[in-house]
Every structure is written in C-alpha cells, then in structure tokens.
Amino acid sequence: ADATMARMADGGWILTGTMLRVGARHGVVLWTSPDGKVWKNWGPAKIAGNGILPGDVAERYLAPSVTVAGGKIYLVFSDKTGCARIATGDTAGGRFVASPCLVEDAADPSLFVDTGDGAYLLWGGGHIARLNPDRTALAETPRFLKPDQALFAKHPPTGKDWPVRTRVGRAGVTMFRDGDKYVLAATEVTGRMRAATEDLFMAVGPTPYGPFTMRMLAVPHAGTGSVVKLDNGGLAAVYNPRCEDNFALFCEQVGLVPLERAPDGRI
C-alpha cells in the first residue's frame, strides 16, 4: 500500500511502500529494477542515526516515500512516534542516515527537490515547508497549499467533487516539476461513484507555494502514489489502489498508468 516510485540516475527504478500481507513488516522496504520489469527486493533499508537502530523490528513505518536527487536516495517517513524524518543514502543496499524529527504528527511525508537544489518537505494533504541546506530542519514556518480563492468568484457547478476551495486532497501529498510549472498532487476518497473511490487530484502553480489552479481529477482509483518520468519523456502515475475501491482494476499491487495531456498542456 501507499507505494511511491522514483527513477535512479542510471535510468533504473526504485520503489517503496507499506508491506501488508507478507515479508518484513518493519522499516522502509525497498525494491530496485534496471528496466521497471524485473525487481529485486532489498528488504528493510539500513536506516540509523538520531535514535534509530538498524534492523529494529519495533520501527513500523507507514507510507514512506522515495526521492532521488543529486546522486542521493532520500527516504521520507514518519517514525513510530509520528515524527517526519528524512534518511539519506547512496544506494538501495547501503546505509541511510536519518535526520532528527522534522515535523511532529506528520502523515504521508514526501520530499520535493527543485532545480537549483532547493528542497521542500510536504505532508498530510498539502502542508509544505522549505528545508535547510543539509535537510535536517525546517527553514521556515509551514503553510498549507490550496487552490487560489479568486477562482471561486463564480460559483462552479453544484453536485461535483472537483470544485473544492479548501484543499487539493486529503492525504498523500506530493509535488513534481513539469517544465516551468509546479504540480501538486494529493489523494482523496470521494463518493463520486456512490462508493468509496480513492482518486489522485492535481493542481498547477507557478511556484512551489502556488497560487494553484482548481484541482483536477487526474487519475481515478489510483490510491496514494507518485509521478515518474518514462524513458520516452512522458509521465506516468504510480497506480496502487486499495481494496475498498470496488471500481479499481486491481488492489494491493503496484502498477504504472501513463498520463496524457489536454490540448492546452494540462495533465
């Protein structure tokens, strides 16, 4: 569950998520693949530092995320006390050094590294804060990202899920850069099909802080995930539905769904 994926510097793939049924139930489990098809299970990452002991089976982490930038692999997770942390390493099978607690009571944390090496911690459904250069502390007061309120001057149609002015999603927030735009993605369980569907919504802004467009339903039934670049230059969303979504193609598995663009460039 809650799988996220990233591309390695050599073109390979790296994946993490929350183990549900089989295998190790502690730590941050990693898989890598040279081609996105044949995968190697590394088991729990060797995370240590700031009170974390490698192999501690009491360390149960939920919804970890993986980011690759500047030749480093970053694992972002909430520890067993609920504190968001970042563990930094060079290889999937190597040692990762954990940061101190960055934010308390932070669910679904993720990392966005911008061009120019600026880095931001995101968590929940849209909280964001810039990190200091060594990514061991917040460099500013957190803020919450939501659609630009000016876009709601005219009332949107009633009875729709998408025109929500207070958020882009409720969980699993992540960010990526699309050309000169910043795309904020988050999931939300809606009742748009008279059943619990967990969909991925996106909004676009000129800066990591917005102002953002109204949210758009980008990937229905996707579950919590991330967006990666394909070998052909296109984008794909990690597709990882929960079994509670009766309309999902599968559940408790990980797949990729290519993203398409509207004529105006929107994903």
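Predicted model: local features only at pLDDT ≥ 70, side-chain atom pairs only at ≥ 80, totals over all residues.
Local features here need pLDDT of at least 70, side-chain atom pairs count only at pLDDT 80 or more, and totals for chains, interfaces and linings use all residues. Residues are numbered from 1 along each chain as its sequence is written, and side-chain values use heavy atoms, with hydrogens and water left out.

Side chains of opposite charge can pair when their charged atoms come close. A salt bridge here is a side-chain nitrogen of Lys or Arg within 4 Å of a carboxyl oxygen of Asp or Glu. The structure holds 16 of them.

**First stop.** Select Arg21 and Glu252, whose side chains form a salt bridge at 2.7 Å, N to O. Arg21 sits in the loop between strands S2 (13–17) and S3 (29–33), and Glu252 in the loop between S19 (235–239) and S20 (255–258), 231 residues apart. Strands are DSSP runs (E, at least two residues), numbered from the N terminus. Arg21 is exposed at 63% relative accessibility, while Glu252 is partly exposed at 33%. Buried means under 20% relative accessible area, exposed over 50%, and partly exposed in between (1.4 Å probe, protein chains only).

**Next.** Select Arg143 and Glu140, a salt bridge of 3.8 Å, N to O. Arg143 is partly exposed at 37%; Glu140 is buried at 19%.

**Then.** Select Arg242 and Glu198, where the closest N and O atoms are 3.0 Å apart. Arg242 is partly exposed at 35%, and Glu198 is buried at 9%.

**Last.** Select Arg167, Arg170, Glu188 and Arg215, which salt bridges with shared partners join into one network.

Key
Helix = DSSP H or I, 4+ residues; strand = E, 2+ residues; numbered from the N terminus.
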